[in-house]
Amino acid sequence: MNSKQVVLITGSSTGFGRLFAETMARKGHTVFATMRDPGGRNAKNASEIRALAEKESLPIHVLEMDVTNDISVERAVDAAVAKAGRIDVAINNAGYYLSGLEEAVTTEQAQRLMDTNFLGPVRVNRAVLPHMRRQRGGVLIHVSSGAGRVVLPSAGFYCASKFALEALAEAYSYELAAQGIESVILEPGQYETPVFGNTVTAADEARTNTYGAVKEIPAKINAALSSTAGNAQEVAEAVLRIVETPAGEKQLRYFVGPQDFGLNEINALSKRVQTSMLEAFGLTADTKFLKGKAVGAV
Ligand SMILES: NC(=O)c1ccc[n+]([C@@H]2O[C@H](COP(=O)([O-])OP(=O)(O)OC[C@H]3O[C@@H](n4cnc5c(N)ncnc54)[C@H](OP(=O)(O)O)[C@@H]3O)[C@@H](O)[C@H]2O)c1
């Protein structure tokens, strides 16, 4: 694989996604910075990115992609492949935080969250994988969260969306290794991005109001998260290191955060438990086993 990669990023209008795009393009990687509605709600963000690319001669191309829409996802992936001939890395970054007591989250809010944070990556992976399989190589990066491993009250639905993403990404890692495709999970802790301003709040206030002192928990947690948030560029540097790690040498999980809270310990334990379970089932977490099996190309 060429050391300069073709990288497609979801949710590049602001925050991590935008930093990933700029950081990787500055290292010479070709970036498809996808976002919702670059001609409307994100027109300013899109034109700032294009202006930066022009000013610094960076290989960044802005494409429209709403991760909740199959056709939009397929169009963006096709456009990237038509332009660059391949996609080496897909970064599933688009997502948002939903805050509030679980009983006060409506079914519609829960569905919308899962449609973005979980089904978004499902759509993107299904669109890019045929290209990666043809290339016999590629990397799927999933931006989970520390909240994809531990649970905070008033973040239950957000945690559920990231736990679901982690399960999918891990299963992919076992299934795709034989074809030279890596599936990686990035777990950021709390970082300063527009995420806090973009947070959706549980809609059913009548239910929230029956919880007494417990109803103060979401505000306490949100204040604690935003007041301890780190510099988001750290996460962009971590993604760059992952992308530039040689094929076959990447870890499944990377936690990066201002405070560890024992998350690295959970990941190390999980790796041991997974390995022994897979061995007990006649499989192994060592992908060499899977690599030995014949797998048809698409
Ligand atoms: N910041 C943190 O502390 C933190 C910690 C752990 C994990 N994360 C995760 O990091 C990812 C990026 O968040 P961020 O912190 O950078 O916040 P952000 O600045 O709010 O970025 C979220 C991005 O997702 C996009 N998005 C939302 N719905 C979308 C859709 N349907 N289709 C396409 N794009 C969509 C937003 O686009 P629009 O501009 O169109 O809304 C925006 O570009 C999220 O998955 C988040 O859960 C963040």
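Here is a tour in a few stops, from the ligand to the sheet and on to a pair of helices. Keep in mind as you click that this is a predicted model.

**Stop 1: the ligand.** Out of 29 residues around the ligand, the ones that come nearest are G11, G15, A94, G95 and T193.

Stop 2: Switch to cartoon view and follow the strands across. There are 7 of them in an open sheet with parallel pairing, and the order reads β3-β2-β1-β4-β6-β7-β11. Look at the edges: β3 (60-64) and β11 (253-256) each have a single partner strand, so one side of each has no neighbour in the sheet. On average, neighbouring strands are turned by 20 degrees against each other, ignoring direction.

**Stop 3: inside the sheet.** Zoom in on β4 (residues 89-92) and β6 (residues 138-143), parallel strands joined by 4 bridges. Click A90 and you'll find L140 of β6 standing opposite. Next, select residues 156-176: this is helix α6, which packs on the sheet and touches β6 and β7. The directions of α6 and β7 make an angle of about 155 degrees.

**Stop 4: two crossing helices.** Show side chains for A110, L113, M114 and N117 in α4, which meet F157, S161, K162 and L165 in α6. That contact has 5 nonpolar, 2 polar and 1 charged residues.

Definitions and conventions: Residues are numbered from 1 along each chain as its sequence is written. This is a predicted model: local features need pLDDT of at least 70, side-chain atom pairs count only at pLDDT 80 or more; totals for chains, interfaces and linings use all residues. A residue is near a molecule or strand if its C-beta atom, placed from the backbone, lies within 6 Å of it. Two strands pair if DSSP finds at least two bridges between them. Axes are lines fitted to C-alpha atoms, for helices over the stretch in contact, and angles run from 0 to 180 degrees between N-to-C directions. Two residues are in contact if their C-beta atoms, placed from the backbone, lie within 7 Å. Ala, Val, Leu, Ile, Met, Phe, Trp, Tyr, Cys and Pro count as nonpolar, Asp, Glu, Lys and Arg as charged, and the others, Gly among them, as polar.
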